[in-house]
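Please look at the sequence and the structure below. The report that follows goes through charges, rings and cores in turn.

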Amino acid sequence: QVQLVESGGGLVQAGDSLRLSCAASGRPYSGIGYVMGWFRQAPGKERDVVARISGSGGSTYYTDSVKGRFTISRDNAKSTVSLQMNNLKPEDTATYYCAAYSRPFCLGSGCDDPRTYDYWGQGTQVTVSS
């Protein structure tokens, strides 16, 4: 069973930065064989994709609201995925989840659908005050 553990959330002020990390472990996780995504969910709202990265790390996707501010990266040797979040805004406040899809790449709109992903972390809270 693949296990994902997020860390790095916290309470910050608008304009600050945070770096979220996700550590993957367990079988059959193979790093390069998995698309990794970061999703977020605010109270009363749906869980939405923030960013995702292909198994090799060569392809990334960002939702429009975070483009130019957030950067997703991965280190397959360490089985980690990170989300660097800069210039945070109050509307970024949410619980952030790491997710894994058991394919090396993803094509189409289904890549943004939480139901596509096979494994999830427990979430880490990010709160941005104005």
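Aspartate 92 counts as buried, at 0% relative accessibility. Buried means under 20% relative accessible area, exposed means over 50%, and partly exposed lies in between (1.4 Å probe, protein chains only). This is a predicted model, in which local features need pLDDT of at least 70 and side-chain atom pairs count only at pLDDT 80 or more, while totals for chains, interfaces and linings use all residues. Residues are numbered from 1 along each chain as its sequence is written, and side-chain values use heavy atoms, with hydrogens and water left out.

## Salt bridges

Which residues form salt bridges with aspartate 92? Arginine 40 is one of them, and arginine 69 is another. A salt bridge is a side-chain nitrogen of Lys or Arg within 4 Å of a carboxyl oxygen of Asp or Glu. The structure holds five salt bridges. The table lists some of them.

| Salt bridge | Closest N and O atoms |
|---|---|
| Arginine 40 and aspartate 92 | 2.9 Å |
| Aspartate 92 and arginine 69 | 2.8 Å |
| Aspartate 113 and arginine 115 | 2.8 Å |

Take the bridge between arginine 40 and aspartate 92, with 2.9 Å between the closest N and O atoms. It links distant parts of the chain: arginine 40 is in strand β4, and aspartate 92 is in the loop between β8 (80-85) and β9, 52 residues apart. Helices (H or I, at least four residues) and strands (E, at least two) are DSSP runs, numbered from the N terminus. Arginine 40 counts as buried, at 14% relative accessibility.

Now take the bridge between aspartate 92 and arginine 69. This pair also links distant parts of the chain: arginine 69 sits in the loop between β6 (60-62) and β7 (70-75), 23 residues from aspartate 92. Both aspartate 92 and arginine 69 are buried. Arg40, Arg69 and Asp92 are linked in a network of salt bridges.

Is arginine 115 buried or exposed? Arginine 115 is exposed, with a relative accessible area of 75%. Its salt-bridge partner is aspartate 113.

## Aromatic rings

The structure holds six aromatic pairs. Rings of Phe, Tyr and Trp (its six-membered ring) pair if their centres lie within 6.5 Å; planes under 30 degrees apart count as stacked, over 60 as edge-to-face and the rest as tilted.

Tyrosine 34 and tyrosine 119 form a tilted pair, 6.5 Å centre to centre, with 45 degrees between the planes. Tyrosine 34 lies in the loop between β3 (18-25) and β4 (35-41), and tyrosine 119 lies in strand β10 (residues 119-120), so the pair ties together parts that are 85 residues apart in sequence. Tyrosine 34 is buried, at 5% relative accessible area. Tyrosine 119 is buried too, at 16%.

Why is the pair of phenylalanine 39 and tyrosine 117 edge-to-face? The ring centres of phenylalanine 39 and tyrosine 117 are 5.0 Å apart and the planes are at 80 degrees, so the pair counts as edge-to-face. Phenylalanine 39 lies in strand β4 and tyrosine 117 in the loop between β9 (94-101) and β10, so this pair ties together parts that are 78 residues apart in sequence. Phenylalanine 39 is buried, at 0% relative accessibility. Tyrosine 117 is buried, at 5%.

Phe39, Tyr97, Tyr101, Tyr117 and Trp120 form one aromatic cluster. Arginine 47 has its charged end over the ring of tyrosine 97, 3.6 Å from the centre. The charged end of arginine 47 also sits over the ring of tryptophan 120, 4.9 Å from its centre. A charge sits over a ring if NZ of Lys or CZ of Arg is within 6 Å of the ring centre and within 35 degrees of the ring normal.

## Nonpolar cores

A nonpolar core is a set of buried Ala, Val, Leu, Ile, Met, Phe, Trp, Tyr and Cys residues joined through side-chain atoms within 4.5 Å. The largest has 30 residues, of which Leu4, Met36, Trp38, Leu83, Met85 and Tyr96 touch the most other members. At least two residues of this core come from each of β3, β4, β5, β7, β8, β9 and β11 (124-129). A second, separate core of eight residues includes Phe39, Tyr101, Cys111 and Tyr117.

## A buried valine

Valine 66 is in the loop between β6 and β7. Valine 66 is buried, at 0% relative accessible area. Leaving aside neighbours within four places in sequence, valine 66 is in contact with Arg40 and Val50. Contact means heavy atoms within 4.5 Å.
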